[in-house]
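This report looks at one protein model, beginning with a pair of helices and moving on to a pocket and a group of aromatic rings.

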Amino acid sequence: MLTGQGPRGGTHHLTGPQSITFAEQIATLSRAAGRTTPVDIRTVTREQWLESVSAFLPGEFARALLDHWASTDGSPAVLTRTVEELTGRPARTFGEWAEEHADAFRVEQTT
């Protein structure tokens with residue numbers, strides 16, 4: 001339970017039970033939102049992405065994210081059991097989480 005003394009003062013690496021790519025995350029969110037056609041994924045340059053996020057993400061953080069993503073590209077994430085150790089329950093899959101939050105990923109229809 002997270003209200004106890006155990007987890008205090010430590011750093012915890014939290015993961016789900018599986019390592020999935022960004023493309024798999026997008027496909028999972030798309031299915032959860034009820035899309036019947038796949039979402040197109042368009043590759044952009046580093047500069048294009050930095051420009052696209054500049055209004056809401058400071059440049060130093062955006063560059064750090066890009067550097068991190070580049071350093072892990074093609075490598076599976078290291079998985080942990082920390083969620084289960086801290087909560088007493090196994091971590092949910094990304095798909096389970098997406099289904100539970102599907103409304104947040106649906107496009108509102110205007111008529």
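## Two crossing helices

The axes of α2 and α3 come within 10 Å and cross at roughly 140 degrees, which makes α2 oblique to α3, a word for angles that are not under 35 degrees (roughly parallel), over 145 (roughly antiparallel) or 65 to 115 (roughly perpendicular). In its handedness, the crossing in which α2 passes α3 is right-handed.

The model is predicted, and local features need pLDDT of at least 70, side-chain atom pairs count only at pLDDT 80 or more, while totals for chains, interfaces and linings use all residues. Residues are numbered from 1 along each chain as its sequence is written, and side-chain values use heavy atoms, with hydrogens and water left out.

## The largest pocket

The largest pocket holds about 1,500 Å³ of space, and its lining consists of 39 residues, with Ile-20, Thr-21, Phe-22, Gln-25 and Trp-69 nearest its centre. A pocket here is an open set of points on a 1 Å grid where a 1.4 Å probe fits, with protein on both sides within 12 Å along at least five of seven lines, and lining residues have an atom within 4 Å of a point.

At least two lining residues come from each of α1 (22-32), α2 (46-53), α3 (59-72) and α5 (94-100), and α1 gives the largest share, six residues. By type, the lining comprises 20 nonpolar, 14 polar and five charged residues.

## Aromatic rings

Phe-22, Trp-49 and Trp-69 are linked into a cluster by ring pairs, where rings pair if their centres lie within 6.5 Å. Four aromatic pairs are counted by this rule.

Definitions and conventions
Rings of Phe, Tyr and Trp (its six-membered ring) pair if their centres lie within 6.5 Å; planes under 30 degrees apart count as stacked, over 60 as edge-to-face and the rest as tilted. Grid points are joined across faces, edges and corners, and a volume is the space filled by probe spheres set on the points. Helices (H or I, at least four residues) and strands (E, at least two) are DSSP runs, numbered from the N terminus. Ala, Val, Leu, Ile, Met, Phe, Trp, Tyr, Cys and Pro count as nonpolar, Asp, Glu, Lys and Arg as charged, and the others, Gly among them, as polar. Axes are lines fitted to C-alpha atoms, for helices over the stretch in contact, and angles run from 0 to 180 degrees between N-to-C directions. A crossing is left-handed if the near helix is turned anticlockwise from the far one by less than a right angle, and right-handed if clockwise.
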